[in-house]
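Subject: Structure handover

Hello,

Please read the two together.

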Amino acid sequence: MSQDDHQRMPYQYPQPAEASTEIVVPQAIPEDERVWVPQAENVDFRPLCLNASQGYWVNLLRVRKSGVLSRHRHPNPVHGVVLKGRWRYLEHDWVAEEGSYVYEPPGETHTLVVDEDVEEMITLFQVNGVMYYVDPWGKHLGFEDVFTKIDMCRQHYEACGLGGDFVDQFIR
């Protein structure tokens, strides 16, 4: 057997019994509108991974309106990749445009804005921990974590006919 044959051979031992199963989402941007979970007027998210055991989630955020979306603080890092459109934070002078990667450090508070000339924005976000919503002076207004995201998905999927257990495929 040649070296090339060995390189193309799959791993020959079983995976760890305790390892969870992978998630493969063939159409991350779904054709079925029902997969998008409404979060606010003209703001939806599409779950990709809802990791309850480690307290993070990965989703697509879709915004079809302009204006201030939210002001929030993260105690943990957030990663984002802009797939369509663009957005910015009032607290920074940069703009996250299509193709951009954004790292948000723990402890930062920022206000997400989609400008008027953007018809649709879609960004892949990995959010670790919690999104803590605040007013301009830091007063607590609400929060989201992986468990509130799961609940939102389950309720929406039940109501739209996909079934509440549709969300289970994304939970680890």
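Asn 59 sits in strand S3; strands (E, at least two residues) and helices (H or I, at least four residues) are DSSP runs, numbered from the N terminus. This is a predicted model, in which local features need pLDDT of at least 70 and side-chain atom pairs count only at pLDDT 80 or more, while totals for chains, interfaces and linings use all residues. Residues are numbered from 1 along each chain as its sequence is written, and side-chain values use heavy atoms, with hydrogens and water left out.

Is Asn 59 buried or exposed? Asn 59 is buried, at a relative accessible area of 5% (buried means under 20% relative accessible area, exposed over 50%, partly exposed in between, with a 1.4 Å probe and protein chains only). Its side chain makes a polar contact of 3.3 Å with that of Trp 57. A polar contact is a pair of N or O atoms within 3.5 Å; within protein, one must be able to donate a hydrogen and the other to accept it, and residues adjacent in sequence count only if both atoms are side-chain atoms. Leaving aside neighbours within four places in sequence, the residues in contact with Asn 59 include Phe 45, Leu 48, Phe 125 and Lys 149 (contact means heavy atoms within 4.5 Å).

**Helix H2**

Lys 149 is also one of the buried residues of H2, together with Val 146, Ile 150, Cys 153, His 156 and Tyr 157. They lie on the same side of H2, because they cover an arc of only 140° around the axis, the arc being that of the directions from the helix axis to the C-beta atoms. Gln 155, Glu 158 and Ala 159 are exposed on the other side. The buried residues of H2 pack against strands S1 (37-40), S2 (43-51), S3 (56-63) and S12 (140-145).

At the N-terminal end, H2 is capped by Asp 145, with a side-chain oxygen 3.0 Å from the backbone nitrogen of Phe 147.

**The open sheet**

S12 also belongs to an open sheet of six strands, ordered S7-S6-S9-S4-S11-S12, with antiparallel pairing (two strands pair if DSSP finds at least two bridges between them). S7 (95-97) and S12 are at the edges with a single partner strand each, so one side of each has no neighbour in the sheet. S6 (residues 86-89) and S7 pair over three bridges in the antiparallel sense. Arg 86 has Glu 97 in S7 as its bridge partner.

Regards
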